[in-house]
Amino acid sequence: MSDPLLKVAGLSAGYGDMAVLRDIKLEIARGEIVALVGSNGAGKTTLLRALSRLIPSTGQINFTGRALDELTPDEVFALRLVQVPEGRQLFDQMSVEENLLMGGYRRPDSAAVAADLQRAYELFPRLKERRRQLAGSLSGGEQQMCAIARGLMAAPELLMVDEMSLGLAPVIVDLLLDTLVAIRKEGVTVLLVEQDVFSAFYVADRGYVMESGSIVRVGPAKELAEDPEVKRAYLGI
Amino acid sequence: MKPALKFIFAALVVGGFATVPSWGSAVLVQFGINALILATLAQSWNIIGGYTGYPSFGNSVFYGLGGYGVAIALVQYQLPSAVGLILGVVLAVLFAFLLGLPVLRLRGHYFAIATLGLTEVMTAIVSNLDIAGRNVGLILPLAKGDTLFLELSLALLVVTTLAVAWISRSRFGFGLIAIRENEVAAAVMGVNTTLYKILAFALCAVFSALAGGIHAYWITYLDPGSAFDVSLNVRMIIMAVFGGPGTIFGPALGAFALAAISEILASKITSLASIFFGVVIVVAIIFMPRGVADLAQNFRRFGWRYFQENIKAHRV
């Protein structure tokens, strides 16, 4: 952890007068899968929005050694900090392939984009079968695949996946988690934001636990999964 | 039709228009100028309404500012008309930037209503400006014959259509379409949505202002009511939507078709013309809500079933 990819310190953010996040400290090293868990309303999505600069915040955010505070969302995206938003936010009236190409929208090198498209299809063969189909007509699981693949098309350094498991069958969640591991092998760092504590800690190296706007626990995922406090609060045992 | 074929067809239409003065009557030439200007307006509305998905009712403000640019330059300062056209474009683009910034934060109906308000506000403001002749208006010096104006408006439509053709295959255009389809997703995918929307609005402003300038110069009279006319804005939207929003040739096609229909109706059955025009629009919305361009593309495939499918799909 000598030179973290993302370093957040003293971050506070909110909506209007209402403060949601208080003094967040978070570090992600290159090649890690980090899980950020917490119950409804803990502020997980707000944190992601602050990192993507969709909402203003105070405190420090450093990504690959650059301060993000003054940047706009499209500039952050250009630094390859890419978000897979909650609820997938696909372009419903466009085909799967067009959705994926939109992910590579900012990249000038069309040969590399084409290569990444093939790579995405290898990762998600289902998407290749359905590449001419409208994204809105896919099943929930396929839509989530499409959203993750679209994020990958932006050649991210850090991929932030928000509520990946929401409304999906456990078997699909397992498949997607395996894909995240495969993605990490290719050098993409992953920040997985989840309500489903168990699946998040299953693939993650380290975890952060959030509660009402603050980080309350940090540690290796295996330890957190065994932590009686975490178990009591989120698993109900 | 294949794209290449479409462009050849479009070139033939342009050539056809250019020869109208040599064989057509004066009435036909005047109808041609009007139709070309309406087509330009529909086409520039297509950029913000069709591609970006922001149904603007404020484009007639750009049109009016373009007209006033020419009128003020000619009447108050005796400048050449080209300077007036540029002045009009500058005014319209300034307006697009200044008011686009707040107004483009709204979406859907809210955006439509806010822009509708802009038109009314401009009428009120201009009616009180001495330089614009208050609510009496300005009378412009008489210009050369109709042929010149037909050529000018034809050239403007061609340029506007080329701009739309460029947009439809450029990175900028993909950004606009992404905004139309899902603005949140566009922002997350690194599209600078605010900048793109304002640029689209400003591009609209350029072409609409030029159309307004040419029209004012041709009619040689301008007052606030006719310059900032809401019904003109409604007409350009109907024409663009009738032709097919978000397509390259649809809006121009729709403008020609509807201009011709309303002209014929107005000369045959004067008093009932507007009712019939309304009926045409209602029927079009029921049977071909995605416009003539979509009809041309899919009628071959589906035959008469095309209309049935549309009724079913849109539950009218």
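**Exercise 1.** In this predicted model, find how many residues lie between E1(A) and E2(A) in their hairpin, and which turn residue has a positive phi.

*Solution.* Start at the turn: two residues separate E1(A) from E2(A) in the hairpin. Now step back to the strands themselves: E1 (residues 6–15) and E2 (residues 18–28) of chain A run antiparallel and are joined by seven bridges.

**Exercise 2.** Is A:Gln89 buried or exposed? Decide in the same way for B:Arg134: buried, partly exposed or exposed?

*Solution.* Begin with a general point: most residues other than glycine have a negative phi. A:Gln89 has a positive phi, near 50°, and is not a glycine. Find A:Gln89 in the loop between strand E6 (81–84) and helix H3 (96–103) of chain A. Now count: A:Gln89 has 21 other C-beta atoms within 10 Å, and the cut-off for buried is 20 or more, so A:Gln89 is buried.

B:Arg134 also has a positive phi, about 45°, without being a glycine. Its loop runs between helix H5 (108–126) and strand E1 (138–139) of chain B. Here the count is 14 other C-beta atoms within 10 Å, so B:Arg134 is partly exposed.

Technical notes: Residues numbered from 1 in each chain as written. Chains lettered and ligands numbered in written order. Predicted model: local features only at pLDDT ≥ 70, side-chain atom pairs only at ≥ 80, totals over all residues. Pairing = 2+ DSSP bridges. Helix = DSSP H or I, 4+ residues; strand = E, 2+ residues; numbered from the N terminus. Buried ≥ 20, exposed ≤ 12 C-beta atoms within 10 Å, placed from the backbone.
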